[in-house]
Amino acid sequence: MSAEATASHGTAVPALTLERRIERQAYALGFDLAGFVRLGPAETAGHFDAWLARGCEGEMHYLARDPALRHDTRRPHPGAVSAIVVGMDYGGHEPTGPVARYARGDDYHDLMKDRLRQLHAWLSTTVGAEVPGRAYVDTAPILERDLARRAGLGWFGKNTTLINPRRGSYFFIGSLFVAIELEPSAPFDADRCGSCTRCLDACPTEAFDGPRALDARKCISYLTIEHRGAIAEELRAGIGEWLYGCDVCQEVCPWNARFGRELPAHSAFSPRPIFVDTDARTLARQLLTMAPDDYAAAFRGSAIKRAKLWMLQRNAAAVLANVGTDEDLPVLYALRDHDHAVVREQVRAAVAQIVQRGGEGTPPSAGHPT
Ligand code: B12
């Protein structure tokens, strides 16, 4: 490839490097951030190990299965030497709760992997030979924030999210591992959190043991998405109205207030109709009365499907325990014999809470009007 091209008026202008062309193509495909990194040891492997040693992963046993795999990014795809790391906004300016912003639209894993594969095909065509490689979005043992920080996408916020100085933190991370050398971007070395501790202070379940030290076992996102048991009484109140995931530690971040973006029109991450203008109580009741077919239809291809229907119903019962009124009791009573013991337990606890707050506590079998 010629290093220089001649413009029509005869002046030599430098040709774009492959890296700049990849960036342009990534933006054309809808990604919002792009950078490059040479694969190798993960700089924060020690933090990851320490986190596991404290048991912070809870029931996410896959994280602890083979920690060494996450220590070196050359391991997931032997032969790959570089990664193109991308970020994609998911709508920081959408209204808050009761479902975390990231989970209201289409499943980001599928969408981003599909676009990364398009980038991969474009790259092979552009270099004129098949480039061995593979796309990853949360699907391989990779410390993705470590990779993205090294590719210059942002810094580790005190809430552990990767924050970009122009985009805030409401973006997903994906990567395309490739078997060609690419010039690495400058890593993001600055820490722009300064003395701010808003995220740490705002967490309703006090899940942070300190800056960048999240105990996932107390995180609302973990409790409503990953945890399989009933939600412990001492954490349940902290969940407030969150039915799936949580945005509190991002919402209070000044970088999001300043730089969070609107979703483009017709974005795949735009909320599904069920989430538009639906308050927590209404959505909780909808989930509790949802038949499996309705669940499949409402959430086909969506990020929220990571939680089975029974988990969403457990979360819905926990939310009603916090904000439900006697009007919600009939829906709860109807689930007293739910197939899943965890849902039964959470429903019983919700009824008890509502009754304690002064709701009507007599079950329908004893004459309660349904
Ligand atoms: C497990 C997991 C979770 C768990 C645990 C979260 C956690 N913080 O570890 C739970 C279920 C709670 C969760 C929640 C969320 N998640 Co999540 N999650 C992951 C996953 C699969 C692994 C993360 C991991 O390895 N954790 C282990 C801990 C130790 O790593 P870490 O918190 O990332 O911390 C790193 C740095 O902070 C640094 N570090 C740690 N301590 C210190 C100390 C110092 C001094 C320094 C310098 C560095 C440092 O080293 C760590 C390792 O690299 C990644 C995808 C992936 N493969 O990476 C997505 C991922 C991190 N999640 C993501 C998202 C969107 C979320 C939520 C926002 C969703 C929501 N709204 O509910 C929340 C955010 C909660 C939060 N504050 O982190 C995005 C984050 C994008 C971003 N801009 O940062 C990721 C990257 C998925 C993706 N592909 O986009 N998640």
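This is a predicted model: local features need pLDDT of at least 70, side-chain atom pairs count only at pLDDT 80 or more; totals for chains, interfaces and linings use all residues.
Biologist: In what order do the strands of the open sheet of 4 strands stand, and which of them are at the edges?

Modeller: The open sheet has antiparallel pairing, and its strands follow the order β3-β4-β8-β5. Each strand at an edge has a single partner strand, so one side of it is left without a neighbour in the sheet. Neighbouring strands of this sheet are turned by 20° against each other on average, with direction ignored. The strands at the edges are β3 (33-38) and β5 (133-136).

Biologist: Over how many bridges does β8 pair with β5, and over how many with β4?

Modeller: Strand β8 covers residues 171-178 and pairs with β5 in the antiparallel sense; G133 stands opposite V178 there, and Y136 has S175 as its bridge partner. The pairing of β4 with β8 is likewise antiparallel, and in it V86 stands opposite G174. The number of bridges is 4 for β5 with β8, and for β4 with β8 it is 8.

Biologist: Which residues point one way from β8, which point the other way, and are they buried or exposed?

Modeller: In a regular strand the side chains alternate between the two faces of the sheet. In β8, F171, I173, S175 and F177 point one way, while F172, G174, L176 and V178 point the other way. The strand is mostly covered, with 8 of its 8 residues counted in that state, so that on both sides, by the cut-off of 20 or more other C-beta atoms within 10 Å, the residues of β8 are buried.

Biologist: How many residues surround the ligand, and which are the closest?

Modeller: By class, the shell around the ligand has 20 nonpolar, 8 polar and 7 charged residues. The ligand is surrounded by 35 residues, and the closest are T44, A100, E144, S221 and G245. The elements giving two or more residues to this shell are α2 (45-53), α5 (144-150), β8 and α7 (220-225).

Biologist: Which element gives the most to the side of domain 1 that touches domain 2?

Modeller: The domain assignment gives domain 1 (13-267) and domain 2 (272-370), whose C-alpha centres lie 31 Å apart. Across the two, 23 residues of domain 1 are in contact with 23 residues of domain 2. On the domain 1 side, the elements giving two or more residues are α4, α7 and α8 (233-239). With 3 residues, the element that gives the most is α8.

Biologist: Why is R336 classed as partly exposed, and with which residues is it in contact beyond its neighbours within four places in sequence?

Modeller: R336 is found in the loop between α14 (329-333) and α15 (341-356). R336 is partly exposed because 14 other C-beta atoms lie within 10 Å, a count between the 12 or fewer of an exposed residue and the 20 or more of a buried one. Leaving aside neighbours within four places in sequence, R336 is in contact with R344 and V347.

Definitions and conventions
Residues are numbered from 1 along each chain as its sequence is written. Two strands pair if DSSP finds at least two bridges between them. Axes are lines fitted to C-alpha atoms, for helices over the stretch in contact, and angles run from 0 to 180 degrees between N-to-C directions. A residue is near a molecule or strand if its C-beta atom, placed from the backbone, lies within 6 Å of it. Ala, Val, Leu, Ile, Met, Phe, Trp, Tyr, Cys and Pro count as nonpolar, Asp, Glu, Lys and Arg as charged, and the others, Gly among them, as polar. Domain bounds come from an automatic or database domain assignment. Two residues are in contact if their C-beta atoms, placed from the backbone, lie within 7 Å.
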